[in-house]
Amino acid sequence: MPKPVVLIAEELSPATIGALGPDFEVRKVDGADRAALLPALAEANAVLIRSATKMDAEALAAAPRLQVIARAGVGLDNVDVKAATTAGVMVVNAPTSNIISAAELTIGHILSLARRIPAAHASLAAGEWKRSKYTGVELYEKTLGIIGLGRIGALIAQRMQAFGVTVVAYDPYVTAARAQQLGVTLVSLGELLVESDFITIHMPKTPETTGMIGTEQLKLMKPTAFIVNVARGGLIDEAALYEALEAGRIAGAGLDVFVTEPPTGSPLLGLPNVVVTPHLGASTDEAQEKAGVSVARSVKLALEGDLVPDAVNVAGGVIDPFVRPGIALVEKLGQVFAGLVGEIALTSLEVDVRGELAAYDVSVYKLAALKGFFAKIVSENVSYVNAPLLAEQRGVTTSLSVSEDSKDYRNTTTLRGLLADGTTVSVSGTLSGTKMAEKIIGINGYEIEVPLAAHHIVMVYGDRPGIVALYGKAFGDAKINIANMQIAREAAGGKALSVLTVDSPVPVGLLGSLKSAIAADTMLEIDVDA
């Protein structure tokens, strides 16, 4: 088998290539050169990019084999995530790779503003010796206000407390207990602006946060206060900031990000009380290497058919090791479920998880069930990415329920669906024993226990003597070997369910004639992909 092709579209560290391992064919292209990129994408299973390569709808259309786009960094402005999701392409980035670098740069800006380091350097480099002109302020016993107490904000809080500062924060999504753990006092945004000597903003850029620090907010700040933004350009209204700085209503600002980058012609660049850097938040050797290695590992997981827990366009979150073995089982149950549904439209699907697994986050099982189901009923490639979208497009509602109650097994997962004709279909499975054997333990209310295999025959018929002999002989004459068999019934003389695993596919004609011979209500062959 040919190795999957991983296309490296921008310069990445040797450690990134090493993290991929030997199981992939690595090719390189200049992602900024569109004429070179598009043809190179034709055979790519994965592409690794930074910020210069644009992965839009045109690029995705040129990449029929693409399974994953990996951005070695945080931002995804150059990736059309919606188009990738529709195409079933996973998008991954490295959201935590630069948090230390960004936190340290923020502190660098705070120190630079407090002690006027850049201006003093420029003066001395120009031959001047003006010590009194560059008198600064101490951080000790000052108040630092952090807007956004996420991962970067928390790192800054921890580090800045060593300077003897009091830290207050505004973040509507952080609990008082978490803030207390960090030694931080939660306050309103208005209180933070009034009380703080130094303010740093670490919010995501959304319609709600864009321009959140504007004229009215800047008026609340002390005239001796400084503000720093290394998060996203536009969180601070640049025109309002210029007016406040130029008029001396605040003491200074440190900026690493801008609405337009580079900020050519921005009046902020000419102010003496502004410290600027060219978007250096992730620009350390360590952050760049962490980003590359992180996404390389994600690519490896994706191309090996595993779920990438923190993929941008895949729900689910971090998967506990106790939950992970069941993902493959549930995906296969989805395939069995599709065989039971047949050609009748599915309107709703419930994934019911019972037993010890109820104590864990098993939301990934819903994704696995949808992936297995749609893999059997649509012609396009189905992934953990586009399976929920396929359900939405077909009007299939999905739900997940969990319960600790599991009478006969440590854990069970049941897929239960309502069809357009009002009937219901269900299949249950479990992992059994120390070897975690995958088993079907129920179909449409009948209790069975059959190992999952590549080929299954499911029959429902009237319970009466001689039926097993009939289909046993039919399969024997066709040289179809029966590996396992289970029969369940409602009551003697009632309806019986027989589930067989066989070693090879069964000719359609044989199933048709056998259905008539035993007067079966149901006669299905259900194949399960490994």
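A: In the classes used here, Ala, Val, Leu, Ile, Met, Phe, Trp, Tyr, Cys and Pro are nonpolar, Asp, Glu, Lys and Arg are charged, and the others, Gly among them, are polar. The model is predicted, with pLDDT of at least 70 needed for local features and 80 or more for side-chain atom pairs, while totals for chains, interfaces and linings use all residues. Numbering runs from 1 along each chain as its sequence is written, and side-chain values use heavy atoms, without hydrogens and water.

On a 1 Å grid over the protein atoms alone, a pocket is an open set of points with protein on both sides within 12 Å along at least five of seven lines, a cavity is a set where a 1.4 Å probe fits but cannot get out, and lining residues have an atom within 4 Å of a point. Points join across faces, edges and corners, and volume is the space filled by probe spheres set on them.

The largest pocket holds about 1,400 Å³. Its lining has 42 residues, with Val74, Gly75, Asn98, Ala231 and Arg232 closest to the centre. At least two lining residues come from each of helices H5 (99-115), H7 (151-160) and H12 (285-303). The lining comprises 18 nonpolar, 15 polar and 9 charged residues.

The second largest pocket has about 450 Å³. Of its 20 lining residues, Thr412, Thr414, Ser428, Ile441 and Glu447 are closest to the centre. This lining has 5 nonpolar, 8 polar and 7 charged residues.

There is 1 cavity of 30 Å³ or more. The largest cavity holds about 40 Å³, and its lining includes Asn229, Glu238 and Phe258.

Terms used:
Helix = DSSP H or I, 4+ residues; strand = E, 2+ residues; numbered from the N terminus.
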